[in-house]
Amino acid sequence: MDLTGAFNNELRCHKRTLQNSEGDINSVKVFFDDRMVVKDNGSFSPNSFKGQLCVDHWLKLKLPIEVNSFSKISREALYLAHDREYVDGVLDLAIANGYGSKDADMARSLPFVVSSLVEASLHSFLTGQASVSPTGGFHHASWSSGSGFCTFNGLVVAAQMIHQLGAKRIGIADFDQHFGDGTAQIIKHLGLDYIHHYTSGAEYISAAGADHWLKELPELLHEFEGCDLVIYNAGVDSAATDPLGGYLTDAQMLKRDQLVFETMKLLGIPVAWCFAGGYGRCPAGTLSPVIERHTNTLRACLQYLPVKR
């Protein structure tokens, strides 16, 4: 799909802004805005508010991050991955979102959620530096519907925009516990053959087989060779103790993340990553297990800075 008119101007504006703000190559840009956050989404999922908890935690730890705000994405951009009637219906509160509600606060937040991943992806593509979108709720969203706490597929929107900027091949490495069915459906529906999509949720991986899977992971990751960008959907619901997981210990999940960033650095491919799933709570009811697991992904990312192209 070609971009025209107002959206083409929007894309050029994103590009100019990011080219003028490359920042410190020894820190990671985090694309977070308070307008992404909905503290009560009426569901079990913390996706709409855990980003704020993680960013606050990272700042408290004084990890080398740069927090960047941004504007919301346009409806025209969302049309890249979704049926127009579906996008308009959700944002106009006529169609339920991926949480199963028609909540106005959720509708207002969703363009900012997608914009976070788009901004991170554009930054990584244009600068060769890693970046973070502290968001989740993308990979179950299909062309004309949402489910599983996913409303709009920011993974595909971001890939489409990067392609419009000249990327020939884009990778989506989805290591969430669950099958990225919405992403696969949109790619097939639109014939987006320039996207290399891997979703570990399509495989059966048991706790007993986790070490073998990690051993084979570098070979799998080398299939992304030649990509201009990899968007890493770094779900932590793969944890064996997650209520919707999983098969990996925390140590194995850290190893998974390290292998992703290490291999992409070896291949010279910048990575923009987002949170995806993660639902575990401690006995006191806080999200501390999820926050620590997302923090481990950030620590792994920081180990392999910068990417040299």
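**Stop one: a charged network**

Select Arg75, Asp88 and Asp92: salt bridges link them in a network. A salt bridge here is a side-chain nitrogen of Lys or Arg within 4 Å of a carboxyl oxygen of Asp or Glu. Before you go on, a note on what you're looking at: this is a predicted model, where local features need pLDDT of at least 70 and side-chain atom pairs count only at pLDDT 80 or more, while totals for chains, interfaces and linings use all residues. Residues are numbered from 1 along each chain as its sequence is written, and side-chain values use heavy atoms, with hydrogens and water left out.

Now zoom in on aspartate 88 and arginine 75, whose closest N and O atoms are 3.1 Å apart in their salt bridge. Aspartate 88 sits in helix α4 (residues 84–91) and arginine 75 in helix α3 (residues 75–78), so this pair ties together parts 13 residues apart in sequence. Helices (H or I, at least four residues) and strands (E, at least two) are DSSP runs, numbered from the N terminus. Arginine 75 is partly exposed, at 29% relative accessible area. For these labels, buried means under 20%, exposed over 50% and partly exposed in between (1.4 Å probe, protein chains only).

By the same rule, the count of salt bridges comes to seven. Pick lysine 29 and glutamate 66 for another one, with the closest N and O atoms 3.4 Å apart. Lysine 29 is in strand β1 (residues 28–31) and glutamate 66 in strand β2 (residues 65–68), so the pair links distant parts of the chain, 37 residues apart. Is lysine 29 buried or exposed? Lysine 29 is buried, at 5%, whereas glutamate 66 is partly exposed at 25%.

**Stop three: one turn of α5**

Head to arginine 108 and aspartate 105, a salt bridge with closest N and O atoms 2.2 Å apart. Both are in helix α5 (residues 104–127), three residues and about one helical turn apart. Arginine 108 is exposed at 53%; aspartate 105 is partly exposed at 40%.

**Stop four: an enclosed helix**

Colour helix α6 (residues 154–164): nine of its eleven residues are buried, so the rest of the structure largely encloses it. Among the buried ones are Leu155, Val156 and Met161. Just after α6, glycine 166 has a positive phi of about 120°.

**Last stop: glutamine 258**

Glutamine 258 is buried, at 18%. Which residues does glutamine 258 contact, leaving aside its neighbours within four places in sequence? Select Ala300, Gln303 and Tyr304; contact means heavy atoms within 4.5 Å.
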